[in-house]
Amino acid sequence: MLSEADAELKIVIAGNHDVTLDEPYYEKIGKRKFHRNIGEDLNVVKELWTGEKAKKAGIVYLEEGVRTFTLRNGARFTVYATPYQPEFCNFAFPYGRDEDRFNEHAENPIPDSPKIDILLTHGPPAGILDRTSRGDDVGCEHLLRAVRRCRPRLHCFGHIHEGWGAQRNNWIHGNSASLPVDQQQMLKDRCAYVNISQGGIDSPLAGSNKPIVFGEETLFINAAIMDVNYEPVNAPWLVDLDLPLTEQVEG
């Protein structure tokens, strides 16, 4: 499916269900829990995402850390990615809720503003599109603290299936607003569309065509395709946003 998508760049991260991509977890727990100790060839699994076939299709598999990309049109942007989330039902890429993976003393801390354009994490920050069907807010407090420092243009995540949606936060004024979805337009477009670029066209999401002010605002997207019953019924998101140009194009 990804190979056929009409996109120059397709960034992929893992998550808690990708048990064969978390080698330490798989050897310790996953092989026994999911594959009755028979085991998968982890090199073959990784090759699916990092091999020549994937590269030719524009697929880039990211592990935890920072990466900068330049597109053919000259747009240049920096991503911080991580597949980790607070421990959940003994699945892959876990960390304890008391562990801070993202701030000052972490091995791969999230940089301060304005170094990151897009934050790509598997799990949500605390209190943002992270409420479960039981009414519990289960996002990560440490990730929230890091996002407040980082202030990316866009923070995309999933993990909490019932949290699907979009929210716009203003860090200066300390307020936030959920973006409503026009269900009929979403069905017509086969996606939920939000436009936060300069001079963007009108969008089915009310007020979403107002451009993001980088360093002052962040658009949060919970892009979980599965619902709480693990049915793939949530729409994908399409986001228009402005990205900085390389010096060569600007000149």
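I began with Phe93, which counts as buried at 4% relative accessibility (buried means under 20% relative accessible area, exposed over 50% and partly exposed in between, with a 1.4 Å probe and protein chains only).

The model is predicted, so I noted its limits: local features need pLDDT of at least 70, side-chain atom pairs count only at pLDDT 80 or more, and totals for chains, interfaces and linings use all residues. Residues are numbered from 1 along each chain as its sequence is written, and side-chain values use heavy atoms, with hydrogens and water left out.

**Aromatic rings**

I looked up the aromatic pairs and found seven in the structure. Rings of Phe, Tyr and Trp (its six-membered ring) pair if their centres lie within 6.5 Å; planes under 30 degrees apart count as stacked, over 60 as edge-to-face and the rest as tilted. The ring centres of Tyr84 and Phe93 are 5.3 Å apart and their planes stand at 85 degrees, so this pair is edge-to-face. I recorded Tyr84 as partly exposed, with a relative accessible area of 21%.

I then examined Tyr95 and Phe102, whose rings have centres 5.8 Å apart and planes at 80 degrees, so this pair is also edge-to-face. Tyr95 is buried at 2% relative accessible area, and Phe102 is buried at 0%. I noted one aromatic cluster formed by Phe34, Phe88 and Phe91.

**Charges over rings**

I returned to Tyr84 and found the charged end of Arg101 over its ring, 3.8 Å from the centre (NZ of Lys or CZ of Arg must be within 6 Å of the ring centre and within 35 degrees of the ring normal). The charged end of Arg153 sits over the ring of Phe214, 3.9 Å from its centre.

**Nonpolar cores**

I looked up the largest nonpolar core, which has 22 residues; Leu62, Val79, Val194, Leu219, Ile221 and Trp237 touch the most other members. Such a core is a set of buried Ala, Val, Leu, Ile, Met, Phe, Trp, Tyr and Cys residues joined through side-chain atoms within 4.5 Å. Strands E4 (76-82), E7 (118-121), E11 (192-195) and E12 (217-222) each supply at least two of its residues. Strands (E, at least two residues) are DSSP runs, numbered from the N terminus. E4 gives the largest share of this core, three residues. A second, separate core of 18 residues includes Tyr80, Leu129, Leu143 and Trp171.

**Strands E3 and E4**

I traced E3 (residues 65-70), which pairs with E4 in the antiparallel sense over six bridges (pairing requires at least two DSSP bridges). Val66 has Tyr80 in E4 as its bridge partner.

Technical notes: Helices (H or I, at least four residues) and strands (E, at least two) are DSSP runs, numbered from the N terminus.
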